[in-house]
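Here are my notes on the model, as numbered points. Please read them with the structure open.

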Amino acid sequence: MSIRVDITKQKELEERLKHHVYELEEDLLANFHAAQRIQLSLMPALRPEQTEELPVPHFILWQPYHPVSGDFFWSYMEKKRLVLCLGDAMGHGVFGAMLSVMFMQRLHHLTHLSGVWSPEKLAEEAEKIFSQFSHSKADGPITIDSFLGVLDLNRHRLSYTNLKGKAYWVRDGVVEKLHSYPFSFGERLAGTVEEVELELQPGDRLYLLSDGTANQISRETGKPIGSKGVTEILSRIQSVPIHLQKEALIKEIETLRGDLPQNDDMIVVGMEMI
């Protein structure tokens with residue numbers, strides 16, 4: 001006695017399902033890359049051919065965790081004044097990228113159309129985009145950690161506000177962390193931010209980072225590299241010319257990471273005053 005079951009239709013169904021999943025994955029990936037192109041269009045400084053966006057020796061390391069990223073860098077220059085914004089929107093992927101695009105568009109409007117050049121005023125006005133989320137049913141606050149500054153290239157002066165952003169100033173090889181407020185955009189700013197001024201000299205270096213470098217797990221310790229580790233990395237690469245520091249930084253991070261995967265969006269911008 002035997003019982004036989006014809007599974008031909010089941011196999012055909014499985015094959016159709018696999019093909020459908022494959023098509024969905026391909027469509028999702030195509031949409032990711034389309035979204036990446038839109039995000040990059042608002043960050044011209046990341047494109048190698050747009051060297052005029054940052055008229056000082058510099059490098060930019062942008063390594064998103066997904067094709068689109070919550071980490072972003074936006075800049076705008078007019079009459080030897082350079083607006084700089086490096087931000088880290090909460091979340092990864094599409095959600096973080098959407099927040100970053102909204103924020104960059106707001107800065108574009110404030111600088112290009114409204115002529116706002118004060119970091120304090122820019123921070124106050126940029127904060128207003130988060131008011132639309134205040135009555136939403138989100139599980140938690142929707143925030144962006146961000147360094148926002150204006151670099152006067154004629155006067156060698158940096159004015160900035162820093163809301164949980166990571167920013168460092170280097171003179172004669174000594175790395176110092178710039179002042180930062182302990183709250184982010186979207187956390188009841190309410191006019192509590194004042195801008196800070198920093199007098200710069202030729203040869204001084206500035207580094208703006210998201211927390212992706214500090215969050216990277218070290219193979220040796222099994223813990224995040226942390227702020228102290230970031231300071232040590234920046235100190236070690238000071239003997240390297242600024243235009244070669246991107247490769248040096250990648251090597252430092254890969255050495256610490258070993259065979260562990262990247263676990264967060266990552267962006268680092270380094271500049272040298274002339």
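1. Start with the loop between strand 2 (71-78) and strand 3 (81-89), where lysine 79 sits. The model is a predicted one. Lysine 79 has a positive phi of about 55 degrees, although the residue is not a glycine. Most residues other than glycine have a negative phi. Is lysine 79 buried or exposed? Lysine 79 is exposed, because its relative accessible area is 69% and the cut-off for exposed is over 50%.

2. Lysine 80 belongs to the loop between strand 2 and strand 3 as well. Its phi is near 65 degrees, again a positive value in a residue other than glycine. Lysine 80 is partly exposed, with a relative accessible area of 40%. Both backbone angles deserve a look in the display: phi of lysine 79 and phi of lysine 80.

3. Next, the charged pairs. How many salt bridges does the structure hold? The count is 9. One of them joins the side chains of glutamate 125 and lysine 128, at 3.1 Å from N to O. Glutamate 125 is buried, with a relative accessible area of 12%. Lysine 128 counts as partly exposed, at 45% relative accessibility.

4. Aspartate 152 and arginine 155 form another salt bridge, and their closest N and O atoms are 4.0 Å apart. The cut-off for a salt bridge is within 4 Å. Arginine 155 is exposed, with a relative accessible area of 56%. Aspartate 152 counts as buried, at 17% relative accessibility.

5. Arginine 236 and glutamate 252 also form a salt bridge, with the closest N and O atoms 2.9 Å apart. This pair links distant parts of the chain. Arginine 236 is in helix 5 (residues 226-236) and glutamate 252 is in helix 6 (residues 245-257), 16 residues apart. Glutamate 252 is buried, with a relative accessible area of 19%. Arginine 236 counts as partly exposed, at 43% relative accessibility. Elsewhere, salt bridges that share partners join Arg106, Lys121, Glu125 and Lys128 into one network.

6. Stay with helix 5. Which residues are buried there? Gly229, Val230, Ile233 and Leu234 are buried in helix 5. These residues lie on the same side of helix 5, because they cover an arc of only 135 degrees around the axis. In an α-helix there are 3.6 residues a turn, so residues three or four places apart point the same way. The cover over the buried residues of helix 5 includes strand 6 (166-171), strand 7 (174-177) and strand 9 (205-209). Helix 4 (212-215) and helix 6 are also part of that cover.

7. Now aspartate 265, in the loop between helix 6 and strand 10 (266-272). Aspartate 265 is buried yet has no salt bridge. How far away is the nearest side chain of opposite charge? That side chain is arginine 257, 12 Å away. The side chain of aspartate 265 does meet backbone nitrogens. A polar atom of this side chain lies 2.6 Å from the backbone nitrogen of tyrosine 65. The side chain of aspartate 265 also reaches the backbone nitrogen of glycine 70, at 3.1 Å.

8. Leucine 54 is in the loop between helix 1 (8-41) and strand 1 (58-63). Leucine 54 counts as buried, at 3% relative accessibility. What is leucine 54 in contact with, leaving aside its neighbours within four places in sequence? The list is Ala45, Ile60, Phe73, Ser75, Leu82, Leu84 and Met271. Serine 75 is 21 residues from leucine 54 along the chain, and their C-alpha atoms are separated by 7.8 Å.

9. Last, the overall figures. The protein chain has 6 helices and 10 strands. Of its 274 residues, 45% count as buried. Among the contacts in the protein chain with a separation of 6 or more, 69% are between residues 24 or more positions apart. The accessible surface of the protein chain comes to about 14,800 Å². Carbon and sulfur atoms account for 54% of that surface.

Methods
Residues are numbered from 1 along each chain as its sequence is written. This is a predicted model: local features need pLDDT of at least 70, side-chain atom pairs count only at pLDDT 80 or more; totals for chains, interfaces and linings use all residues. Side-chain values use heavy atoms; hydrogens and water are left out. Helices (H or I, at least four residues) and strands (E, at least two) are DSSP runs, numbered from the N terminus. Buried means under 20% relative accessible area, exposed over 50%, partly exposed in between (1.4 Å probe, protein chains only). Contact means heavy atoms within 4.5 Å. The arc is that of the directions from the helix axis to the C-beta atoms. Lys and Arg count as positive and Asp and Glu as negative; His and the chain ends are not counted. A polar contact is a pair of N or O atoms within 3.5 Å; within protein, one must be able to donate a hydrogen and the other to accept it, and residues adjacent in sequence count only if both atoms are side-chain atoms. Accessible areas come from the Shrake-Rupley method with a 1.4 Å probe; for residues, only the protein chains shown count as cover.
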